[in-house]
Amino acid sequence: MVSKETSAAKDAVHTLRVGVVGAGVMGTNHGRVLAGLPGIEMVGIVDPMLEHRTRAEKLIGCKTFADLDAMLAAGVDAVTIAAPTHLHHEVALACIAKGIHVLVEKPIASTVEEGREIVDAAQKAGVTLMIGHVERFNPAVATIKKAIEGEDILSIGITRVGPFPPRMSNVGVVIDLAVHDIDLIRWFTESDIVEVQPQLASAVAEREDIALLQFRTASGVLAHINTNWLTPFKARTVTVATRGKYVMGDLLTRQVTECFGFKTDGSYSMRHLPVGQDEPLRAELMAFLDAVRTGGVPAVTGEEGVASLEIAIQCLEAPKKRAATATRPAPRKVVG
Ligand SMILES: NC(=O)c1ccc[n+]([C@@H]2O[C@H](COP(=O)([O-])OP(=O)(O)OC[C@H]3O[C@@H](n4cnc5c(N)ncnc54)[C@H](O)[C@@H]3O)[C@@H](O)[C@H]2O)c1
């Protein structure tokens, strides 16, 4: 039998003191999920906006702080950073400098350089750094990943469309939405993206609100992402063609189907695959805390976060470079 004292000592070792930075949409979700996880003590949430702190206190019933230093002074082992993206760099470096483990929401930072600085600082300090590419924890995505394991992947198609978000941030669809799918393409193929062919347009917003992005990976897979804020309903679908299978997944309804057993007469078999029920954010935060406890490699590393951001930024830069080097076409003559 474990004595009370030993058990208390064990709890003291395993109980992690965790805080959240940002009490907006994502940060409130982090706080809600963390407050329900075993083995952690929710220290509180930081947000400079009183209204957001009051909302978090009511929803989560946790302590809130008006600035980061106040929360760090209360003592935390790990934080999740869900402040606006342009603050990820500053907040992450401040936490890492104090030896605190960090989960940084996606995208890792506003620029590749800032992302790399976060990665370097975490490495030097020996703290866990994980990036919140939560879609990897969607059970439908996990089922697709398992279905294509060991298969020779040929192409991937991802659609992530919907209406304009209620509050526009200062990024367009590539950084806000497509970065999720760039990460999925890299993860599914376990290969780097080596070619990007983006088409972007700003139909209504100042930043791009339509993006059709084509990629080639080092392993030779062709992939495309169709994303926009101009579709009246949300849709998130993934298709993967391999030599032996065609896998189709709906990330919202969480239905995954595979076609297989292709015959020369064009016939094939089809089956629905079992999909788990986990809440993606819960699974992601548990994976982060597990990496903190064990010191193991986190499920989404900082380097992976930087690589996906780098491709997203290439998608934004490529059309500008094309425009700068394009020669103006001669006026077209209509003959007839
Ligand atoms: N993984 C996902 O699916 C997903 C979804 C949405 C947003 N995000 C990411 O989460 C982050 C936050 O996005 P959001 O939609 O919750 O934004 P939001 O605007 O709803 O929330 C941001 C919050 O941060 C607060 N804040 C501002 N300055 C701060 C500071 N110095 N310290 C602490 N808090 C501060 C704001 O007051 C606000 O409450 C972004 O990086 C975004 O890309 C990820």
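1. Strands β13 (residues 255–260) and β14 run antiparallel and are joined by 5 bridges; strands are DSSP runs of E of at least two residues, helices are runs of H or I of at least four, and both are numbered from the N terminus. Two strands count as paired if DSSP finds at least two bridges between them. Within this pair, C259 has M270 of β14 as its bridge partner.

2. The model is predicted, with local features needing pLDDT of at least 70 and side-chain atom pairs counting only at pLDDT 80 or more, while totals for chains, interfaces and linings use all residues. Residue numbers start from 1 along each chain as its sequence is written.

3. A buried residue has 20 or more other C-beta atoms within 10 Å of its own, the C-beta atoms being placed from the backbone.

4. The largest nonpolar core holds 83 residues, and V21, V79, I81, V102, A178, V240 and A312 touch the most other members. Such a core is a set of buried Ala, Val, Leu, Ile, Met, Phe, Trp, Tyr and Cys residues joined through C-beta atoms within 7 Å. Helix α8 (residues 173–189) gives the most to this core, with 10 residues.

5. The ligand is surrounded by 22 residues, the closest being G22, G24, V25, M26 and E105; a residue belongs to this shell if its C-beta atom, placed from the backbone, lies within 6 Å of the ligand. Helix α2 (residues 25–35) gives the most to the shell, with 3 residues.

Methods: A residue is buried if 20 or more other C-beta atoms lie within 10 Å of its own, exposed if 12 or fewer, and partly exposed in between; C-beta atoms are placed from the backbone.
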